[in-house]
Amino acid sequence: LVDHDPAVLHSLSEIADTMGLRSETYCCVADFLAGFGEGRRGCLVVDIGMPGTSGLDLHAQLIAAGHVTPTIVITNHGTIAMCVKAMQAGAVSFLEKPLATEDLVVAIRQALAEDADRHRVDKVRDAFERKADQLTCEEKRGVVS
């Protein structure tokens, strides 16, 4: 959860708690990036209008670095152009504050389902690649005696 408003972070954290989810809160993108590690699972709820690096900029940085984290973009002052930009960048959802709890819950569930699907696909791909690496040169060419 990344938002410059402590009250919003508290509210988002409480919603995650009621869903039985563990959450981490960050008041700026720099703090989030300092705590972000490889292989993290879950989803990102990020404010688009933070001072400095915006939520969309953070989302773009993560994608450029190869981290496909399902992202929910939230904002105080959304425009159609902002929404289009967020969705074209791959955001799961674009929600305006004040957030309707049910809309956020639905978006989080969707984002977590996407994360789980991606994780399953990654595991299958990794298993396939391990098996392929064990093949002999003849087997790779399709020549088996």
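## The largest pocket

In this predicted model, the largest pocket holds about 740 Å³ of space. Its lining consists of 28 residues, and those nearest the centre of the pocket are R40, R41, G42, C43 and T69. Sorted by class, the lining of the largest pocket comprises 13 nonpolar, 7 polar and 8 charged residues.

Helix α5 (101–134) and strand β1 each contribute at least two residues to this lining. The largest share, 6 residues, is supplied by α5.

Strand β1 pairs with strand β2 (residues 71–75) in the parallel sense, over 4 bridges. Within this pairing, L44 stands opposite T71 of β2.

A disulfide is a covalent bond between the sulfur atoms of two cysteines. How many disulfides does a search of the whole structure find? The search finds 0.

The sulfur of C27 has its closest cysteine sulfur in C28, but the distance is 4.5 Å, so the two are too far apart for a bond; the cut-off for a disulfide is within 2.5 Å. C83 is likewise in no disulfide, and the nearest cysteine sulfur, that of C43, lies 17 Å away.

Both residues are partly exposed: C27 has a relative accessible area of 44%, and C83 has one of 27%.

Key. Residues are numbered from 1 along each chain as its sequence is written. This is a predicted model: local features need pLDDT of at least 70, side-chain atom pairs count only at pLDDT 80 or more; totals for chains, interfaces and linings use all residues. Side-chain values use heavy atoms; hydrogens and water are left out. Two strands pair if DSSP finds at least two bridges between them. Buried means under 20% relative accessible area, exposed over 50%, partly exposed in between (1.4 Å probe, protein chains only). On a 1 Å grid over the protein atoms alone, a cavity is a set of points where a 1.4 Å probe fits but cannot get out, and a pocket is an open set with protein on both sides within 12 Å along at least five of seven lines; lining residues have an atom within 4 Å of a point. Grid points are joined across faces, edges and corners, and a volume is the space filled by probe spheres set on the points. Ala, Val, Leu, Ile, Met, Phe, Trp, Tyr, Cys and Pro count as nonpolar, Asp, Glu, Lys and Arg as charged, and the others, Gly among them, as polar.
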